[in-house]
Amino acid sequence: MAEVDAATDRVVEGAVRKAMWRLLPFLGLCYLLNYVDRVNVGFAALKMNPDLGLSAAAYGLGAGLFFIGYFFFEVPSNVILHRVGARIWIARIMITWGVVASATAFVQGEISFYIVRFLLGIAEAGFFPGIILYLTYWFPRAQRAKVVALFFLAVPLSSVLGAPISTLLIQNGDGALGFDAGWRFMFFVEGIPALLVGVLVLVLLPDRPTRARWLSGTEQQALERRIADEDAAQVPQETGLLAGLRDRRVVALSVIYFGVVFGLYVLAFFLPQVVSDLQEQFGVRFSLVEIGLITAVPYVVASVVMVLNARHSDHTGERRLHVAVPAFLGAAGVAVALYLDSPYLVMAAMTLCAVGVYSAIPVIWQLPSAFLTGVGAAAGIALINSFGNLSGFVGPYLTGWLQDLTGSFRAGMFVVAAFMVLAGVIVLLVGREPNEGAAGATGRAVGRG
C-alpha cells in the first residue's frame, strides 16, 4: 500500500509541475494585462487631470467607480464561470474589458470618465476570483499559497513593467494615431493586448485536468482524485450557494480583504503622485519616465518577499500570522512614510507598505477553501473579493478628498494604515481553523515544487 501511495504521489507531483509551467505563465500574463488596464489611470492622471479639469476628489471618484460595477457583477460572474467553465468565461471577460479599456482614450470630461470606469468594472467582474477558483481545480492545498503568489506576481510585475511603458506611451504619444494627448494614446494601445489574449484563452486554457491534453490519462485522474479527496476531507459536504454567501467567516474575510486591498489600490492610484510630490518637498527633479521607474522599486522588493512568505505559509500550514504580520508591517510603513526627511527613507517606507500588502494577499486566499467547496466556494470567494475591492472605490475617493482638504497625502496614508491594522487584528481574532497545519504536513509529503 505504501508503494502504491508513493507512486501516486509521484504522478500527482509530476502533474502539478506540468500545470505550473503550462498555466501560471499564461494566467500571469492575463492578470498582468488586467492590472495594467485597471491602474494605468494612476499614470494618466499626471496629464489627464489638468487636461480634463479633474480635481483630486473627482479623479478619485472616477478611479473608484470601477469597483462599484465590479461589486454588483462579481458574484453572478463567478457563479457563471463555475457553471460554464473557465475557458469560455475568462475569454469573454478579457475581450470585453479590452474594448472598454481602449475606449477610455475617448473620454471628454468628468461624466464620460465616470461612465467608462464603471463599465470597465462590469467588464472585468469575476476575473480575479474566477482565477482563484480555477486554481483550486488544479493544485492540491499544500501548494496553493505559493501558486497564488506566483500568479499574483503579475500585479507588482505590472507596475515594474507597466509603469515605464505607460509613462513612455504618455510622454511620446502626443499626435500618435491622431490622438491629441499621450495619455489617450496610452489607454488605446494598452487595451488591445487584453482583447487579443482573450481570444487565445479559448485555445490554451483547459477547464480542468481531465481536459488537458498535455497531461497523461493517469496524471489527469490522479490529480483530480487527489484534489477531490482533499476537498472531501476538509469540507465533507459541498457548500450551497446561499450557505457560501451567509457564512460568518466569509463576512470576516471580506473585512480582512477590504483592509489589505485598501492599501493595494491607494498605492496603485496615488504612488506616482506621491513620487511626483517628492520633487517639491525635497527639491529634486524627475522626468515622467523616471517617476515610473522609481514607482516600480517598491513592487520589485514586494514580489520577492511575497513569494517567500507564501512558500513559508505552505510549508508550515500556518495562515493567520502570515497575513497579520505583513498587514501590521505595511501599516507601519505607510503611516510614517510622509513624515520622513529624505526621499530615500520615504521610498523605503512605501516599499515596506507594498511588502505588507502583497505578502498578505496570496495567503488570505487559502482561508476560504478551509470551509467552502463547489458553487458555495464560487459565490463566497467572489463575495470576499467584491467586498474587499470596494476599498478600491473608498480608498482613492477618500484619499483624493483628504488631499484636496489638507493639501497633503498624509491624512490619507493614516487612513490606509488604520484599515490595514484592522485587517491584521480581525484575522487574528477569526480563530484557528481545525485543519490548519495539515497543509504543511501534506506539502512535505507531496510536492515540494
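Residue S158 is found in helix α8, which spans residues 154-172; helices here are DSSP runs of H or I with at least four residues, and strands are runs of E with at least two, both numbered from the N terminus. The structure is a predicted model, in which local features need pLDDT of at least 70 and side-chain atom pairs count only at pLDDT 80 or more, while totals for chains, interfaces and linings use all residues. Residues are numbered from 1 along each chain as its sequence is written, and side-chain values use heavy atoms, with hydrogens and water left out.

S158 has a relative accessible area of 3% and is buried. The term buried stands for under 20% relative accessible area, exposed for over 50%, and partly exposed for values in between, with a 1.4 Å probe and protein chains only. In sequence, S158 and G28 are 130 residues apart, while their C-alpha atoms are 9.8 Å apart in space. A second pair is formed by V275 and A310, which are 35 residues apart along the chain and have C-alpha atoms separated by 29 Å. V275 belongs to helix α12 (residues 248-282) and is buried, its relative accessible area being 0%.

Salt bridges were searched for across the whole structure, and six were found. A salt bridge is counted when a side-chain nitrogen of Lys or Arg lies within 4 Å of a carboxyl oxygen of Asp or Glu. One of them joins the side chains of E13 and R17, with an N to O distance of 3.4 Å. These two residues are four residues apart in helix α1 (residues 2-39), so about one helical turn separates them. E13 is partly exposed at a relative accessible area of 26%, and R17 is also partly exposed, at 42%.

The side chains of D207 and R211 meet in another salt bridge, at 3.9 Å from N to O. Here D207 is buried, with a relative accessible area of 16%, whereas R211 is exposed, with 58%. In the salt bridge between D314 and R319, the closest N and O atoms are 3.1 Å apart. D314 counts as buried at 5% relative accessibility, and R319 counts as buried at 7%.

Two packed helices are described by the angle between their axes and the distance between the axes. The axes of α14 and α18 come within 8 Å and cross at roughly 165 degrees. Axes are lines fitted to C-alpha atoms, for helices over the stretch in contact, and the angles run from 0 to 180 degrees between N-to-C directions. The two helices α14 and α18 are therefore roughly antiparallel to each other, a term used for angles over 145 degrees, with under 35 counted as roughly parallel, 65 to 115 as roughly perpendicular and the rest as oblique. The crossing of α14 past α18 is left-handed, meaning that the near helix is turned anticlockwise from the far one by less than a right angle; clockwise would be right-handed.

Helices α14 (320-336) and α18 (410-429) each supply at least two residues of a nonpolar patch. This surface patch is formed by L321, V325, F328, L329, L352, V421, V425, L428 and L429, which together have about 720 Å² of accessible area. Patch residues have over 30% relative accessible area and no salt bridge; nonpolar side chains (Val, Leu, Ile, Met, Phe, Trp, Tyr) are joined within 5 Å, and like charges within 9 Å. L428 lies in helix α18 and is partly exposed, with a relative accessible area of 33%.

Key:
Areas by Shrake-Rupley, 256 points an atom, 1.4 Å probe, with all protein chains shown as cover.
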